[in-house]
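Subject: Structure handover

Hello,

Here is the structure I said I would pass on. My notes follow below it.

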Amino acid sequence: MLFTDTIYALSSGALPAGVAVIRLSGPAAAAAVVRLCGVLPPARVATLRTIRTRNGDPLDSGLVVYFPGPASFTGEDCCELQVHGGRAVVTAILNELADMEGLRHAEAGEFSRRAFQNGKLDLVEVEGLADLIAAETEMQRRLAIEQSGGGQSALYAGWAKRLIHARAMIEAELDFADEDDIPGAVSASIWPDMERLRLEIEDHVARAGLAEIIRDGLKIVIAGEPNAGKSSLLNALAKRDVAIVTEIAGTTRDVLSVDLSLAGFSVKLFDTAGLRETEERVEREGIRRAREVIANADLVLLLSEKPEGFHIDEALPEKAPVIRVATKLDRPAADWQPQDADIFLSTRTGEGMTELLEVLQSQLPDLAGNTSLSMPSRRRHVDCLRQASAALERSLAAEGLEIRAEQLRLASDALGRITGRVDVENLLDVIFSEFCIGK
Ligand SMILES: Nc1nc2c(c(=O)[nH]1)N(C=O)[C@@H](CNc1ccc(C(=O)N[C@@H](CCC(=O)O)C(=O)O)cc1)CN2
Ligand SMILES: Nc1nc2c(ncn2[C@@H]2O[C@H](COP(=O)(O)OP(=O)(O)OP(=O)(O)O)[C@@H](O)[C@H]2O)c(=O)[nH]1
Ligand SMILES: [Mg+2]
C-alpha cells in the first residue's frame, strides 16, 4: 500500500508542557523540516535548530530529529520537532505544517497503522502499544510490554511454524503417495506434536481470565444488610468521601464504584444498596442493581454489624469467593465469636483495616517476581486461539489425510489472524481507532 500523504501531529501530552513533540511521517516530511529549519539535520541526531515561519520570523528554537525511512518507527521518512511546550508555539508550528503541500493532520492511531502496514509492528504489538499507553498499574504495564515487545508474537510465530511443518509433511506424503519407496507414514510423526500444540494453546487460553483481571481490574463488591457500614468501608478504602453515609438504613441506592491500585493490580470497588425486602420503589431498583453487580463480582465482601446478619437470602455469585466482614467493632453491642466472620473491623477506629487489605491482596493472582505475563490479553486473541485449537482437534480426530490437512490449514489461518498476517482488513479500523492522535 502506498501512502502519498505526509501526516503530522502533536505526539506528546497536554499543553502547556516543558517540551512538546511534533511528529511527521511520509514522503514530504524531510522537505517540511527543511522549510521550517533551513537544512535537514544529520540522520538520527538530535540537533538544535531555529524553527521559522515562511517569512523567516523565528517561531521557536528546538531539537529536530530526522529518521530516514525505512529505519524509522513507521518505516517512512519521519521527523520530530521537540519544541517548547507552549500552546501558542505548538499552534503556530501546526499551522505552518497545515499550509504545506501534501501534509495533513494525522488521524488517531495513524502512525501506528503505517508502522503495521510497513511491517514494523504486527497487530499484537500494535494492541500492546495501545495498552502500554493506557496502562495505569504495574501489572498492566508488564502485560502491555509482553505484547508490544514482540514476546507474544514470537510465541504465536513458533506455533505457526510447527503447523506449517506438519502441513508440509502431509503435502509431501500426498504428493508421493503412489511411489513405493516413500514410507506410508511420513506424516505419522507430526501428530504427537500437533496434540502437544493443542494442549499448549489450551493452557495459554486458560490464562485469559488473568489477563482480564489485569486489564479491567478485579471487581470487588461490598454487599450486605442496610446500615451494615458498606458505604463507610468504600470511603475508608478509597480514602475519600465518595459515598453518602447516614444512620438511615437504605441510604445507598445507586451502585457506586471507585478504582484502586492494590499490589500493582487495578481493583474496581463497588458499593451497593443494602439488601432487604422493601416496597419503596427507588430502593427496590437499587437492590435490583445491587444483585446485578453482586452476580458479576470477582470477590464479595459481605458486611454485617451483627452475627445473624450474614444469613441473607440473596443470590451470591457461584464462583467468586465471599469474605464475611464484621463491622463497627468499636461498638460493644454485638456479641461476636471468632468463627462468626473472616474479618472484624471498624472504619471508625481503623481496627482490622490492615487485615482486610492483606486478605484482599491474598485474593489477587500471585504474579510476583519474574513470572511471565504470556497470556492472551484480548477477546480477539482468545477467539482466534479457540478457533485454532478447535481446528487442531478436528484434524486429530479426522480420518483421511486431505481432511486432516485442511483442518491444519484452518488452524494456521486462525493463528495468522492474531498477528495480522491473514485477512484482517476489516479489523484494522477498530484496532487503530483506540489510539490517541499522534500515536
Ligand atoms: N522522541 C520519541 N520518543 C519515543 C518514540 C518516538 O517516536 N519519539 N517512540 C514512539 O513510539 C517510542 C520509541 N519507539 C521507537 C521505535 C522504533 C524507532 C525506530 O526508529 N526504529 C527503526 C530503527 C531501529 C534501531 O535503530 O534499532 C526501525 O525499526 O527500523 C523509533 C522509536 C517511545 N519514545
Ligand atoms: N460506630 C461505628 N459506626 C459506624 C461504623 N461504620 C459505619 N458506621 C455508622 O453506621 C451507619 C451506617 O453506615 P453506612 O456506611 O451508611 O452503611 P451502609 O451499609 O452503606 O448503609 P446503606 O447504604 O443504607 O445500606 C452510619 O451512621 C455510620 O456512621 C463503624 O465502624 N463504627
Ligand atoms: Mg450505603
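Arg44 sits in the loop that joins α1 (29-37) to β3 (47-52); helices (H or I, at least four residues) and strands (E, at least two) are DSSP runs, numbered from the N terminus. Before the rest, two remarks on conventions. Residues are numbered from 1 along each chain as its sequence is written, and chains are lettered from A and ligands numbered from 1 in the order in which they are written. This is a predicted model, in which local features need pLDDT of at least 70 and side-chain atom pairs count only at pLDDT 80 or more, while totals for chains, interfaces and linings use all residues.

Backbone points

Arg44 is not a glycine, yet its phi is positive, at about 60°. Arg44 counts as exposed because 12 or fewer other C-beta atoms lie within 10 Å of its own, the number here being 11. (On this scale 20 or more makes a residue buried, anything in between makes it partly exposed, and C-beta atoms are placed from the backbone.) Lys239, in the loop between α9 and β8, also has a positive phi, near 60°, without being a glycine. Lys239 is exposed as well, with 9 other C-beta atoms within 10 Å.

There are cis peptide bonds to report. One runs from Leu15 to Pro16, with omega near 0°, and Pro16 belongs to the loop between β1 (6-10) and β2 (17-25). Another runs from Gly69 to Pro70, again with omega near 0°; Pro70 is in the loop between β4 (58-67) and β5 (78-85).

The Leu15-Pro16 pair turns up again at Arg87. Leaving aside neighbours within four places in sequence, Arg87 is in contact with Leu15 and Pro16 (contact: C-beta atoms, placed from the backbone, within 7 Å). Arg87 is part of helix α2 (residues 87-98) and is exposed, with 12 other C-beta atoms within 10 Å.

Annotated site

Which residues does the UniProt annotation "binding site" cover? The entry, which is unreviewed, lists Asn227, Thr246, Ile248 and Thr251. They are spread over 25 residues of sequence but cluster in space, the largest C-alpha distance being 8.2 Å. UniProt positions are given in the numbering used here, feature names are shortened, and annotations may be inferred rather than shown by experiment.

Asn227 is in the loop between β7 (218-224) and α9 (230-238). With 24 C-beta neighbours inside 10 Å, Asn227 is buried. Residues up to four places away in sequence aside, Asn227 touches Ala249, Gly274 and Glu305.

Thr251 is in the loop between α9 and β8 (256-262). Thr251 has 18 C-beta neighbours inside 10 Å and so counts as partly exposed. Beyond four places in sequence, Thr251 is in contact with Ser231, Ile244, Val245 and Thr246, of which Thr246 is itself in the annotation.

Helix packing

Two packed helices are described by the angle between their axes and the distance between the axes. Axes are lines fitted to C-alpha atoms, for helices over the stretch in contact, and angles run from 0 to 180 degrees between N-to-C directions.

The axes of α4 (residues 123-134) and α5 (residues 138-148) come within 7 Å and cross at roughly 155°. The two helices are therefore roughly antiparallel (over 145 degrees; under 35 is roughly parallel, 65 to 115 roughly perpendicular, and the rest oblique). Their crossing is left-handed, meaning that the near helix is turned anticlockwise from the far one by less than a right angle; clockwise would be right-handed. On the α4 side the contact includes Val124, Leu129 and Leu132, and on the α5 side it includes Leu143, Ala144 and Ile145. The contact residues divide into six nonpolar, four polar and four charged (nonpolar: Ala, Val, Leu, Ile, Met, Phe, Trp, Tyr, Cys and Pro; charged: Asp, Glu, Lys and Arg; polar: the others, Gly among them).

α5 also packs against α8 (residues 208-216), at an angle of about 125° and with the axes 8 Å apart. That angle makes α5 oblique to α8, and the crossing is left-handed. Met139, Gln140 and Leu143 of α5 meet Ala211, Ile214 and Arg215 of α8. By class, the residues of this contact are four nonpolar, one polar and one charged.

Regards

Conventions. Two residues are in contact if their C-beta atoms, placed from the backbone, lie within 7 Å.
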